[in-house]
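Hi,

Here is the structure I promised to send over. Have a look at it first, and my notes on what turned up follow below.

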Amino acid sequence: MRGTTRTVAVAVMSAAALLAAGCGSGSGSGSTTAGKDGGEITIHGCTPENPFVPANTNETCGGNVLDAVLAKLVHYNPDTAAPENDIADAIETKDNQTFTIKLKKGYKFQDGTEVKAHNFVDAWNWNRDGKNGTLNSYFFDPIEGSADMDCGPGADKKPDCTAHPAKASKLSGLKVVDDYTFTIKTTEKVSNLPVRLGYTAFAPLPDSFFADGGKSFGTKPIGAGPYTFEKYDQGSQIALVKNKDYSGKFPGHADKLTFKIYTDTEAAYKDVQAGQLDLLDSIPTSALAGDKYKTDLPDRNLNKPVGVFQSIAFPKATADPTYQNKDLRHALSMAIDRDTIIKQVLNNTKKPATGWVSPVVDGYKAGACGDYCKYDKAKAKEAFTKAGGYNGTITLSYNANGDHKAWTEAVCNSIKDALGVTCVATPIAEFSDFRKQINSGTMKGMFRTGWQMDYPSIENFLAPLYGTGAGSNDSGYSNPDFDKKLTEAAAATDPATANKDYQDAEALLAADMPVIPMWYSTATVGWSDKVTNVKVTPFGTFDLSAVSLK
Amino acid sequence: MGTYIVRRLLQMIPVVIGATFIIFVMVFALPGDPLAGKCGERPCPAAYVQKFTEEHNLNDPVPIRYVKYMGAIAKGDFGTTYQGQKVSDELLRRYPITVRLSVIAIVFELVLGVVAGVLAGIRRGKFIDNLVLVSTLVIIAIPTFVIGSVSQTLFGIKLGWVKPTVSSAATWSELMLPGMVLGAISLAYVARLTRTNLVENLRADYVRTAIAKGLTRRRTIGLHTLRNSLIPVVTFVGADFGALLGGAIITERIFNIQGVGGYIVRGITAHDGVAVVGAVTILVLVYLFMNLIVDLLYGVLDPRISHD
C-alpha cells in the first residue's frame, strides 16, 4: 500500500525530510494570484520502486505519477480529504454490503477506448488474483470471494500456483450489470467502502493492459486521468502531457508536468531556490533547522498536517509479558514530555498526539487519550509504583537507517528522568530487520511504529492497527469490545453514526493503551517563484489540478 | 612490450572471476531481506513474496546463482534489478556520465596540481612554496560535502553563474563545477607529491651533471627532473581514477548527478545485489586497465624501467 510505504519513507529515508515545521494551521492554499494555463511545471520526483502497475505501486515515487495519469471512481478533496465522485456518477448502497456503482459516460482512456464497467471489474480481478502476486492485493480482501483467489499452499507452506491453483480467477462479489453499471458485494459490512475507492489500486485498466499482463503498461501507463504519460527517462525524469480528451472535473492548468528525479532533497531544495524546480514536497532537514526555509523561500512555503500517526508499540505478550500491565503502559506514556521533545529535537515538525486518529480525517475527535497522553511526572511515578515497577532495562528499538536516534534517546531520557528506571534506545541496523523482528513477534521491549493512511477515514487508523489479528497490529492487541464497535461502525448506514461508533472504539484504547500515541506529522513544502495557487492534499502531495504558472 | 601486455591481460581473467565471486558472495550474504521493507509496516502478501522470490532466483544456493549470473553476463545480460530495470541499461547510461565527471576531475587535479607542485618545488622555502603548502592543507582539511555545498550555493544560487544541479544530459560544461569539487582534494595531494619529489630529485647526481654540462634550468627541470618526479604522481592519479568512478557518491548527491556511485549505494541499501555486482564488476575492470596503463607509463617516464 502506498500508505504504509510512505511511512517507510518516513522511517527510512529521513524522517525529518517528510516532516514539517511549525504546527501547520493547514488552510491548504498558498498564494492566490490568478495563474495562467499552459506551460511546464516541474515537480520533485524520485525513482519508482516498481513498474507503473497500479496494483504494484505502493510508494509515492511511482504513486504521484500514477495519480496524475489515472482517474478513479472518486477523487479526494484536496482541502477536506472527503471523497467526491470522479468517474462514478453515483455509489449507492442500502445495507453497506451491496454497492451499486453507476459510471459517468464519456470518460476515455488515453488510448481512445471508453471507460466501461468491465474495465473496473477486470482490473480488480487481476489485481486480486493470487497468481499475479500483487503488492496491493489486500485492498480487495473485503470483496466477496477474495479468499478463493489465493493459490493453495505447496509443500513448503508457501503459495504454489502451479500445483494448487486458486479456486477462482474472478471475484464473485463483482458483477457487471451493463456498460455503465456494476455491483460490489462485500463479505462483511463496510460503511466506508466509497472512501477507499479513490486509492490508486482501484483505478480502471484499459483492455490493452491484459494483453501482456501489464508488461507494456508498466513502462507506459494508460489511464483516464488529466495527464497522459509521455516518457520515463530512467534516473532523470518522468514527463506527462495534458490529456486533450479528458472529460472529468479535475483538469490541470499546465500543459506539461515533469517529475525530476533527485537522489537527495538537498539538491532539489537548491534547485527550487535557483528556480530550476517548481514544486518540492519535502524540505530537507538542514533548511528546517531554525526555520531557514522561511527566509529562503518567503511566501513560497506551506505547512499542512498530513495523515501520518507515529507511536511507540509494546512487544507481544509472547515476547515479553511484563508490558501487558496497563498501569506500566500508562506510566510510560505519561513519562514522555512530548512538547519539549518536539520543540528541542524535532524542530517543531510534529504535533503532539492526543489520541490514535490523525486530525486530517473525517470523524477525528481530539483528546481520546485524555490525561494518559499528557506529561505528568507525579502521576507517571504513581502508576509506575502501582504497576510494581519494571525489573531490568526498558528498551526502545528503532531502525538506525532512519532519523530516529535523537528522538528515541530523548524519549528514553524523559522516561528515565520521570520513573527512575534505566531506558536505552536500541538501534537495529536495517529497517528490513527491524520489521522482520516485529512481524515475527520476536521483538523484545518497546519499538517505534508509524502509520500513513491508505484512504482518509477514521477507520483506517483503527481497524488495520488494533483489530484482533489485523495486518499491522504490531503489539498483538486484542479487545472483543473494540472489535465489536468496529463491526457496528462498519454496519452503520449513516456516516455520522459510523463516525460515532469509531470514536467510541478509539475511546476504548485509552484504558488499554495498545501503543503510546506520540505525534502527528505535518508536511512542509516549498515552491519556486514561477508557480502560483499551490495546494497540498492531506496525503502530503501537491494538488495538480490547482497549481499553475504565474 | 607486446608479450608483457598479453601476459597482463591474461592475468586479468582469474582476477575478474575471483573478484566478482567475492563481491557476489559478500553482497548476497549481507543480512537483511530485500522484501521486508517493501511493504511498509506490514508483511508483504504471501503471493507477492512467492512471485518476487521466483523472479529473482532467490531460492537457489549462492554458488548456483553465481554460475547463472556469470553465464548471463557472458552473453551481455547483467540481469534485472528489483525495480524491474535492466542493469545493463542503467550502466550504459550512468558510466559515461561518471567517466566525464572523473575525467574533468583528473585533468583539473593533474594540470593545476603539477603546476602548483613545480612552482612550489623550484621556489622551495619561498612565499609561493608556503602558499601552496597552506592552501593544500586547507583543501585537504575541508570535507568534500562542504566544498560542494558551498560552491553550489555560491555559484549556483547567489551568483547564478551555473545551475545548482546537473540536468539529465550531464554535459561537459554542466559537469565542470562538480568535477572541480571532486578533484579538489586529489589536487592537493598531487601538488604535494610533485613538490616533494621534485625537491628530492633536484638534489640528485644526474641533475648536477646536467647543470654542469650547461643545460638551461628550464630544460633540466622540465625534461629531466619533472619526468622522474611524476612517477609517484602517475601512480596516485591512476588509482585515483578508479576511486573517483566508484567513490564520487557525495559529489553526485550534492549536484544530483545520476552516476555510478549513487547507483551502487542505492543497490546496497536496497539489497539489490544484481545492481551492485554489475556496477562493481565494471569498476574492477577499470582498475585493472588503469593499473596496466600506469605500469606502461612508468617505462615512458623513466627509461630505466623496461617491460621486455
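A quick word on terms before the details: "buried" stands for under 20% relative accessible area, "exposed" for over 50%, and "partly exposed" for anything in between, with a 1.4 Å probe and protein chains only. Keep in mind that this is a predicted model, where local features need pLDDT of at least 70, side-chain atom pairs count only at pLDDT 80 or more, and totals for chains, interfaces and linings use all residues. Residues are numbered from 1 along each chain as its sequence is written, chains are lettered from A and ligands numbered from 1 in the order in which they are written, and side-chain values use heavy atoms, with hydrogens and water left out.

**Aromatic rings**

Over all chains, the search of the whole structure gives 30 aromatic pairs. Rings of Phe, Tyr and Trp (its six-membered ring) pair if their centres lie within 6.5 Å, and the planes count as stacked under 30 degrees apart, edge-to-face over 60 and tilted for the rest. Tyr364(A) and Tyr520(A) are edge-to-face because their planes stand at 90°, with the ring centres 6.5 Å apart. This pair links distant parts of the chain, 156 residues apart: Tyr364(A) sits in the loop between β13 (350-352) and α13 (377-386) of chain A, and Tyr520(A) in strand β17 (residues 515-527) of chain A. (Helices, H or I with at least four residues, and strands, E with at least two, are DSSP runs numbered from the N terminus.) Tyr364(A) is partly exposed at a relative accessible area of 26%, whereas Tyr520(A) is buried at 3%.

There is also an aromatic cluster in chain A, made up of Phe120(A), Trp124(A), Tyr138(A), Phe139(A), Phe140(A), Phe182(A), Tyr199(A) and Phe202(A).

**Where chains A and B meet**

Here 53 residues of chain A are in contact with 39 residues of chain B, contact being heavy atoms within 4.5 Å. About 3,700 Å² is buried between the two chains, and carbon and sulfur atoms give 48% of that; buried area is the accessible area (1.4 Å probe) that two parts lose on being put together, summed over both.

How many salt bridges cross the interface of chain A and chain B? The rule finds 1, taking a salt bridge as a side-chain nitrogen of Lys or Arg within 4 Å of a carboxyl oxygen of Asp or Glu. The partners are Asp264(A) and Arg253(B), at 3.5 Å from N to O. Between chain A and chain B there are also 8 residue pairs in polar contact, both residues at pLDDT 80 or more. (A polar contact is a pair of N or O atoms within 3.5 Å; within protein, one must be able to donate a hydrogen and the other to accept it, and residues adjacent in sequence count only if both atoms are side-chain atoms.)

On the side of chain A that touches chain B, the elements that give two or more residues are α1 (2-13), α8 (265-273), α15 (431-439) and β16 (446-452) of chain A. The largest share, 6 residues, comes from α15(A).

**Thr93(A)**

Thr93(A) is in strand β4 (residues 88-93) of chain A and is partly exposed at 32% relative accessibility. Its side chain reaches the backbone oxygen of Thr98(A) at 2.8 Å and the backbone nitrogen of Asp95(A) at 3.4 Å.

**Salt bridges elsewhere**

The whole structure has 32 salt bridges over all chains. Side chains of opposite charge can pair when their charged atoms come close.

- Lys485(A) and Asp504(A) meet at 3.8 Å, N to O. Lys485(A) is in helix α17 (residues 480-491) and Asp504(A) in helix α18 (residues 495-512) of chain A, so this bridge ties together parts that are 19 residues apart in sequence. Lys485(A) is partly exposed at 22% relative accessibility, and Asp504(A) is partly exposed at 25%.
- Arg93(B) bridges to Glu90(B), with the closest N and O atoms 3.4 Å apart. They are separated by about one helical turn because they lie 3 residues apart in helix α4 (residues 87-122) of chain B. Arg93(B) is partly exposed at 23%, while Glu90(B) is buried at 6%.

Salt bridges that share partners also join Lys484(A), Lys485(A), Glu488(A), Lys500(A), Asp501(A) and Asp504(A) into one network.

Cheers
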